[in-house]
Amino acid sequence: MTMQEDLLRRVRSYSPRFLESAGRFSEAAVLMPITRSDEPELVLTLRASGLSTHGGEVAFPGGRRDPEDPDLVRTALREAEEEIGLPPGLVEVVGPLSQLVSRHGIQVTPYVALVPDYVEYRPNDGEIAAVFSVPLAFFCEDPRETTHRIDHEGRSYYVPCYRYGPYKIWGLTAMMVVELVNLLFDAGIETGHQPASFVELS
C-alpha cells in the first residue's frame with residue numbers, strides 16, 4: 001500500500017468529533033492540502049498582517065461559509081481558490097477532521113485534501129502574504145518550540161507551537177496539524193495533559 005492509499009484509507013475511515021453546537025456559531029471551513037508526492041507536504045498560508053482577524057498568522061486556506069455555499073466542502077474549495085488560486089478541479093477532498101471553535105467564536109471544519117505537487121499558487125495580496133509548504137515528516141518528530149494552553153469547549157489542550165523557517169505554526173492550526181499527523185502516522189502527540197514546561201497563551 002502506498003502512502004497516498006494509506007492516507008486515503010485512514011481519513012475516510014476516521015470518525016472526527018463534530019460539535020453539538022450547530023446554530024450557535026457562524027460556520028467556516030478550511031482546506032488542509034497535502035501534496036501527491038513521495039514525501040508529502042502540507043500547504044499553509046501566512047495571512048496578510050492588515051487583516052482584522054488572524055492577521056499575520058499562519059493558517060490553512062479557508063473562511064466563512066457564504067449563504068450560496070451548498071455545503072462546507074464548497075466553502076473550503078471556494079476560499080482556497082480565492083485566497084491562493086488553487087483550482088477546485090485539482091483538489092481531491094478526502095474527508096473532514098474534528099470541528100473546532102476559533103477564539104472569535106467561529107465553528108471551523110477542516111477538510112483533508114490531496115493536491116498535485118506542481119501547483120503554482122497565486123496568493124491574493126489582500127488576504128495572503130505567502131503560501132508555503134512543510135513536509136509532513138517534520139511534524140511527526142514533534143519539534144515543538146514551545147507549548148501553549150488552549151481552553152476549548154470547556155477543556156484545556158496543551159498544543160505544540162512549531163517554528164518552520166520564518167513561520168510560526170500555532171493555535172487552532174497546530175491543533176489541526178496534530179490531529180492529522182496522529183491519524184496518518186500514529187504519531188502519538190499528546191495534547192490532553194500539561195507537559196513539564198509550557199507557556200500560557202495570551
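A residue counts as buried when its relative accessible area is under 20%, as exposed when that area is over 50%, and as partly exposed in between, using a 1.4 Å probe and protein chains only. L183 is therefore buried, since its relative accessible area is 13%. The model is predicted, so local features need pLDDT of at least 70 and side-chain atom pairs count only at pLDDT 80 or more, while totals for chains, interfaces and linings use all residues. Residues are numbered from 1 along each chain as its sequence is written, and side-chain values use heavy atoms, with hydrogens and water left out.

L183 lies in helix α4. Helices (H or I, at least four residues) and strands (E, at least two) are DSSP runs, numbered from the N terminus. Helix α4 has 15 residues and reaches 21 Å from its first C-alpha to its last, close to the 21 Å expected at 1.5 Å a residue; the expected span is 1.5 Å times one less than the number of residues. Of the 15 residues of α4, 13 are buried, which leaves the helix mostly covered. L183 and V91 are 92 residues apart in sequence, and their C-alpha atoms are 20 Å apart in space.

Helix α4 is followed by D186. Most residues other than glycine have a negative phi. D186 is not a glycine, and its phi is positive, near 50°. D186 sits in the loop between α4 and β12 (199-200) and is exposed, because its relative accessible area is 56%. D142 also is not a glycine and has a positive phi, of about 50°. D142 is found in the loop between α3 and β9 (146-152), and its 24% relative accessibility makes it partly exposed.

On a 1 Å grid over the protein atoms alone, a pocket is an open set of points where a 1.4 Å probe fits, with protein on both sides within 12 Å along at least five of seven lines; lining residues have an atom within 4 Å of a point. The second largest pocket holds about 310 Å³ of space. It is lined by 16 residues, and the closest to its centre are R17, Y157, M175, E179 and T191. The largest share, 5 residues, comes from α4.

The aromatic rings come next. Rings of Phe, Tyr and Trp (its six-membered ring) pair if their centres lie within 6.5 Å; planes under 30 degrees apart count as stacked, over 60 as edge-to-face and the rest as tilted. The whole structure has 5 aromatic pairs. One of them, F132 with Y167, is stacked, at 3.7 Å centre to centre and 5° between the planes. This pair links distant parts of the chain, 35 residues apart: F132 is in strand β8 (residues 128-135) and Y167 in strand β11 (residues 167-169). Both F132 and Y167 are buried.

The rings of F139 and Y162 have centres 5.1 Å apart and planes at 75°, so this pair is edge-to-face. F139 lies in helix α3 (residues 136-140) and Y162 in strand β10 (residues 155-164), so the pair ties together parts that are 23 residues apart in sequence. F139 and Y162 are both buried. They belong to one aromatic cluster formed by F138, F139, Y162 and Y164.

Notes: Points joined across faces, edges and corners; volume = space filled by probe spheres on them.
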